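Dear colleague,

Please find below the structure for your review.

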Amino acid sequence: MEAEGSGEGRPRAHLAALVLARGGSKGIPLKNIKLLAGVPLIGWVLRAACDAGVFHSVWVSTDHDEIEKVAKQFGAQVHRRSPEVSQDSSTSLEAIREFLNQHPEVDIVGNIQATSPCLHPSDLIKVADLLQKEGFDSVFSVVRRHQFRWSEVKKGENKMTEPQNLNPAKRYRRQDWPGELYENGSFYFAKRHLIEKGYLQGGKMAYYEMRAEHSVDIDIDIDWPIAEQRVLRFGYFGREPLKEVKLLVCSIDGCLTNGRIYVTEDQKQMVSYDYRDIVGIDLLKKRGIQVRLISERDCSKTLSAMQLGCVAKTRATNKLQVLEDWQKDMGLSWKEVAYLGNEESDVECLRKAGMSGVPADACVVAQKAAGYICKSNGGCGAVREFAEHIFLLLEKVTSARKQLEEINSAIKETGK
Ligand SMILES: CC(=O)N[C@H]1[C@H]([C@H](O)[C@H](O)CO)O[C@](OP(=O)(O)OC[C@H]2O[C@@H](n3ccc(N)nc3=O)[C@H](O)[C@@H]2O)(C(=O)O)C[C@@H]1O
């Protein structure tokens, strides 16, 4: 994470990334650490900031214990802020000033907003360059929009609406009009002296134009599901190259079923499953992903009755061992294995698998170990949902390759 000197014997100005994440929020409770596509909201931008390699320090300013924990998990340092700058009415500028007061070593601070989770290291590398090499005092993110604006007419006003940026007699087609630049709220970088004077934007200013598909701003509750789809498609997933999943191992009781066992008077056992999950398994198989099932219980009769056509291991006292054996047989690395579990006995497999998920009603330890928490409960569509998550990540593998190329070319361009 540590940024290097300028190479001319003069150390570069201390550039700090600062994510503001108070505990209270107007709409969604504890929004800043709510899971977005299986990752806590602040995690998305912290991952990009840490991996950019241009910051001397990466910080989260918070007033909340749980947010502090998550921030540290994602490699950030934590500034515990005062209640005065943690109110609904507190501005970002107030919180940034408080941070700077307590950190005299920082020369330039970048307020990266967690509410814009599609940020990429390549963006931050270019911004650092504008500040440190090209000498800008402040840089903020914008996005290009092709939107025609009209003046507002208040009720009772005897006025007509007027076109603001178009000529109705000659309406441009999208491709004939460059559009306009809008602040998109992803980040605001500024030198200390500006912020101390009460400005986030000022001095020698520059904007940084972000790609439209990376420009996501979670403002209200309904933005959340849209943002979720966006990060899965366009977000930054970390440095480690993603690998295609080749095998899904699914725990039977509590994932494929809801865990309930009905016992009849003649001692027969019955479980129920959701047909959507069977569709999920079929879709995975069609995409060339093997699905195997695992249970601690002897449920072989139930399984043969279900006719799923999946390899299964019942009475598995050591699930990790079973997975390791399967991996060896199939010649797979952990990265190529996805695991859906719900119990304490699944925790090790969840931790090791390249992709891991739990149904919404999984036990807490399993939830903590998993990368993705389904919205559906076990036996009620969790397998189908996790399959969908795997498909989106497969698309991601392709775009991650492109991202890596972009990071490398950004580094080359800026000569770092
Ligand atoms: C730099 C700045 O002025 N940011 C403001 C932005 C910005 O103008 C828009 O994003 C532009 O599109 O707007 C606000 O944005 P919002 O309230 O969503 O805050 C953005 C993120 O910053 C955290 N935050 C904000 C203020 C504060 N005192 N402490 C904080 O921790 C929030 O928890 C959230 O993660 C707004 O909509 O009211 C309030 C923010 O203060």
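A salt bridge is taken here as a side-chain nitrogen of Lys or Arg within 4 Å of a carboxyl oxygen of Asp or Glu. Please note that this is a predicted model, in which local features need pLDDT of at least 70 and side-chain atom pairs count only at pLDDT 80 or more, while totals for chains, interfaces and linings use all residues. Residues are numbered from 1 along each chain as its sequence is written, and side-chain values use heavy atoms, with hydrogens and water left out.

The domain assignment, which is automatic or from a database, divides the protein chain into domain 1 (15–146 + 176–234) and domain 2 (247–398). Their centres, taken over C-alpha atoms, lie 37 Å apart. Contact (heavy atoms within 4.5 Å) involves 10 residues of domain 1 and 8 residues of domain 2.

About 700 Å² is buried between the two domains, with carbon and sulfur atoms giving 54%; buried area is the accessible area (1.4 Å probe) that two parts lose on being put together, summed over both. Within domain 1, the residues that lose the most area to domain 2 are Gly 38, Leu 232 and Arg 233, which together account for 62% of what that side buries.

Between the domains there is 1 salt bridge. Lys 375 forms a salt bridge with Glu 228, and their closest N and O atoms are 3.3 Å apart.

Yours sincerely
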